[in-house]
Amino acid sequence: MKKQSFIQVLKFTLFSISAGVIQAASFALMNEKLHMKYWPAYLISLLLSIIWNFTFNRRFTFKSAANVPVAMMKLIGFYIVFTPVSTYLGHVAEGSGINEYIVLAVTMISNFALEFLFSKLVIYRNQENTLESKKKQ
């Protein structure tokens with residue numbers, strides 16, 4: 001069980017890193033090239049990373065056959081709380097002179113930890129490793 005949990009954390013971490021690269025790169029593009037304000041650039045880049053991370057973690061990390069729309073609605077519930085709080089705090093931090101990339105990094109690390117816990121304990125609770133059994137039917 002501990003080995004399975006370690007592998008799960010490792011997979012979630014690797015997929016989150018790839019989602020983080022997508023988020024950071026798209027944020028940098030919008031910030032540096034399109035000169036967007038912090039909050040719209042952050043929101044768009046966050047949405048791109050959410051879609052990427054959800055898709056891969058559902059399939060490969062949690063191996064869940066859970067109803068995709070239901071699982072996505074649970075994740076949207078998480079982001080209904082996380083997004084306004086992180087957007088507001090990021091806007092305040094950036095407005096007080098903290099570098100926008102430091103703000104983004106702190107926000108991304110917080111998102112990583114909180115989303116893993118929410119996914120494990122809420123979204124895929126009692127539905128992990130159900131993908132293989134569904135395929136066999």
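View 1. Helix α1 (residues 2–33) packs on helix α2 (residues 38–61) at an angle of about 155°, and their axes are 8 Å apart; axes are lines fitted to C-alpha atoms over the stretch in contact, with angles from 0 to 180 degrees between N-to-C directions. The two helices are therefore roughly antiparallel (over 145 degrees). Residues of this contact divide into 15 nonpolar, 10 polar and 1 charged. Helices are DSSP runs (H or I, at least four residues), numbered from the N terminus.

**View 2. Aromatic pairs around Phe78.** The structure holds 16 aromatic pairs (ring centres within 6.5 Å; planes under 30 degrees apart are stacked, over 60 edge-to-face, the rest tilted). Phe78 and Tyr79 are edge-to-face, at 4.8 Å centre to centre and 90° between the planes. Phe78 and Phe82 are stacked, at 5.6 Å and 10°; both lie in helix α3, 4 residues apart, about one turn of the helix. Phe78 and Tyr79 are buried, and Phe82 is buried too (under 20% relative accessible area, 1.4 Å probe, protein chains only).

**View 3. A cluster of rings.** Ring pairs link Phe12, Phe62, Phe112, Phe116 and Tyr124.

View 4. Mean pLDDT (the predictor's confidence in each residue, from 0 to 100) is 91 for the protein chain, with 96% of residues at 70 or more. Where pLDDT is low, the predicted coordinates should not be read in detail.

**Notes.** Residues are numbered from 1 along each chain as its sequence is written, and side-chain values use heavy atoms, without hydrogens and water. Local features need pLDDT of at least 70 and side-chain atom pairs 80 or more, while totals for chains, interfaces and linings use all residues.

Key:
Parallel < 35°, antiparallel > 145°, perpendicular 65-115°, else oblique. Nonpolar A, V, L, I, M, F, W, Y, C, P; charged D, E, K, R; others polar. Phe/Tyr/Trp six-rings, centres within 6.5 Å; stacked < 30°, edge-to-face > 60°. Buried < 20%, exposed > 50% of the residue type's maximum accessible area, 1.4 Å probe, protein only.
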